[in-house]
Amino acid sequence: MADLSINFAGIKSPNPFWLASAPPSNSGFQVHKAFEAGWGGAVWKTVGPPVLNVSNRYGAWHYGGQRMLGINNVELISDRPLEVNLREIREIKRAWPDRAVIVSAMVESKPEAWYEIVRQIEDTGADGIELNYGCPHGMSERGMGSAVGQVPEYCEQITSWVKNAASIPVIVKLTPNITNIVYPARAAVAAGADGISLINTINSITAVDLDSFEIQPSIGGKGGHGGYAGPAVKPIALNMLSAVATDPTVAASGIPISGMGGITTWRDGAEFLLLGAGSLQVCTAAMHYGFRIVEDMCDGLSRWLDSKGLNSIEDVKGKSLNRVSDFKDFDLSFAAVARISEEKCIKCDLCYVACNDTAHQCIDLVSSDGAVVLPHSYSSRENGKDEAVGSRPQPVVREEDCVGCRLCYNVCPVVDCISMVEVPQKRSSTTWYEITQHQPEVTENWEAMNKYREEKGIEIH
Amino acid sequence: MTDAFLTDPLGELLPPLTTQEALVESNRCLNCYDAPCTHACPTHIDVPRFIKKISTGNLIGSAAAILESNLLGATCSRVCPVQELCEGACVLQHEHRPITIGRLQRFAMDAAASAGVFPVKMSSVGKGKIAVVGAGPAGLSCAGELAKLGYEVTVLEKRDLPGGLSTYGIITLREPKEIALYEVEMLSRLGVKVESGRELGCSLSLTELQKSYDAVFLALGLEASPNLGIPGEEHILDGLDYVERSKIRRSEVELGNHVAVIGAGNTAIDCATIAKRLGSNRVTVVYRRTDKEMTAYPHEYEFIKAEGVEFRFLSQPSRVLVEAGKVTGLECVLMQLGARDSSDRPIPTRISGSEFVLDVDLVVKAIGQEKPSLAKSLGLETERGYLKVNEDFQTNLPGVFAGGDCVRHRGAASTVMAVQDGKLAAAAIHKKLVNA
């Protein structure tokens, strides 16, 4: 079995799955239970100044009968007294010396406030500190959380204060509510942070009640933006992770990155690792199903590593980063077409309508005698399952017209039914960047572009 | 409906879907394009459209989508052999469970009924008066479609209650009569007038109808069971009458220690179910061919076996044994199957000397219905005994159309086929009158 243990900026944990700083890590009771279930670490719910919470706190996005594809919250940092949190952190660390216990913190933007909280946290024996620069609601109105995370200079300043005071590793948690997440990441590096974690929650309004017209969740008739998390944010998190991990400044520093944002299964976790994450934080999935989910996260990840001949998390970390590129560097001559497996196809014709209505009209319905037929071509007197099933045409891709958009592949409900097949290139490889360098006129006026297409045999239909 | 299900042995077999069940099931539908379920439905209800409306909580819109293609959507959702039609064609057939289309349709129709609405788009393009003879599914469908177009429609029904077989002839556990009667009430909201006690050939003359109306649609249905031609036949109960009693006059349903049901079609299954569920000790279905040839749907055969009903295949009744006016047995003779007949079923022939007696004390026959007997006297041409109609459901008489079981000389007769006949005939009548 592959070794799942990690050493993240000097913080050791038996597996890469940590509870993110959030409601699941709000108390000693919870973290103790999570460690019993097998979690490798926990980032304690943010400690800091006194707060008061509201109800209702959580909104969610449900879709197609599936619950909580995304959750948002207007819950604040820990509302339990600081000394209670610190006492429980100390107890947990003593009971679980092999697990990573990191404490998230957020205090007023004054050096003495940060020095004091660092001292208090270090005194518990915790393994590290995570600086919460991400909370998008409530705390930001008080000049903390994302109010810091959105200004790289503030990030750097506060991180420097903390680094001056701290002897344990300092992780800077970034907000996604910013135009370019790379800037605050560089600020963290410049201030000497030991690690970066991302993403915090995204500004959101999840729903409006169609009967009361109230924003959901409704807090006495009012609602507002809250931090969005869960499966729905994973693609955004992966993009931000790859942007930070491939940034030359960040990469050169060698700073480790703790990835989070929608990690629900080991598969999600593996993708974060491939894009450079060195530890994985989870909140929503635990809030949906409880701490037990970590069992398959570890089991599945370990078996997958074995199947790939990889021995450790370090072996897989960042393995896909060399694939991260930009449009200008893509090979414009690479060609793939969709192919439908007639054996697996159940003839739902979702590929047909998607292609025909919204893509490139290159899927035909072919009857058993090979003729291309139109949909709805049966008579009003024909009926019965045998007739309906027996006469149903087969969707077939007209490969010469397929642009390889991959829409049909994405809508097909059957596993491995539609595949995107690489076909021989019709011209030599080139990129948009190369064209801008060698034939800039092609990128600037349509006449030159048309001529270029004619020369290269590029047909747009 | 749930209470009835719990307390009445003949109460509706399937409980209504809960809102939660309907939501989960409607979300499971793939929303196929040019969906095979829609193709398989004789009335071509846009199944994915009404199902997706359930998933968005647009239940009245869902009922409207159903009614657009089938005004008897509530009846059809209950009585359709969905395994042979929409659900049988569902693309989720093999690796998954097909979508329970029938129950979702019932959910949407029930929702509209609870809201007291019958969402149908009306128009006033049609001008004229139409007479429909027979208030069964074909007649009601035709009447409703024509009323939708703006025609003044009168349905003339010989029985006390409208609804035809939906009211009288389909076992309550599949369709309570209240559903059929509610549908008629909804159609009357569209302007359809229903007059009961009007029988063609008695209180009604076809010639008069032709004179007073712009078109006549005959939805006569079929007659009683044919005679078996065996001694003691007068002691055999008629299957459709047996079902009718169970729906309308429950206290008059006769039960026995051991009941024989002759025939193996859907009505025979219904009779056997009634006899068994209302308390007969044993029920035996007697059929001259085998389970491979029986006309009951496979799912009904499975159902009745699970009810504990027994079968005697390759057995033909030859005599009802009667003592002191009471049935004491049914003598049968064993059969063997030979060459195939015109309906491609093997012809059974008697094995002489193989007589045996079933010790039954009640005999019910459900061996199909006689063909429409009025045809000759009304001057209507027939085809294999059924009314002869062209592609437009028009008979040989001017302005007289016909549809439903009375014209069904090919294929299996079913409620939904009758509904489609009525719909297509209405379109043909409209076309004819507009172009006249």
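Student: So how much of chain A counts as buried?

Tutor: Of its 461 residues, 42% are buried, meaning that 20 or more other C-beta atoms lie within 10 Å of a residue's own; exposed means 12 or fewer, partly exposed is in between, and C-beta atoms are placed from the backbone. Keep in mind that this is a predicted model, where local features need pLDDT of at least 70, side-chain atom pairs count only at pLDDT 80 or more, and totals for chains, interfaces and linings use all residues. Residues are numbered from 1 along each chain as its sequence is written, while chains are lettered from A and ligands numbered from 1 in the order in which they are written.

Student: Thanks. How many helices and strands are there in chain A?

Tutor: Chain A has 18 helices and 21 strands. Both are DSSP runs numbered from the N terminus: helices are H or I with at least four residues, strands E with at least two. The C-alpha trace of chain A spans about 80 × 60 × 50 Å along its principal axes.

Student: Is β20 of chain A covered or uncovered on its faces?

Tutor: One of each. Pro395(A) and Val397(A) make up the covered face of β20 (residues 394-397), and Gln394(A) and Val396(A) the uncovered one.

Student: Which way do β18 and β20 of chain A run?

Tutor: Antiparallel, with 4 bridges joining β18 (residues 363-366) to β20. Two strands pair if DSSP finds at least two bridges between them. Gln394(A), from the uncovered face, is the bridge partner of Val366(A).

Student: Switching to chain B, where do the side chains of β4 point?

Tutor: Ala215(B) and Phe217(B) point one way, Val216(B) and Leu218(B) the other, and all are buried. In a regular strand the side chains alternate between the two faces of the sheet.

Student: And what does β4(B) pair with?

Tutor: β1 (residues 129-133) of chain B pairs with β4(B) in the parallel sense over 4 bridges, with Val133(B) partnering Leu218(B). β16 (residues 400-402) of chain B is also parallel to β4(B), over 3 bridges, and there Val216(B) stands opposite Val400(B).

Student: What's the strand order in the open sheet of 5 strands in chain B?

Tutor: The order is β5-β13-β6-β7-β8, with parallel pairing. β5 (237-238) and β8 (310-312) of chain B each have a single partner strand, so one side of each is left without a neighbour in the sheet.

Student: How many bridges join β6 to β13 in chain B?

Tutor: There are 4, between residues 258-262 of β6 and 362-365 of β13. Val259(B) stands opposite Leu362(B) there.
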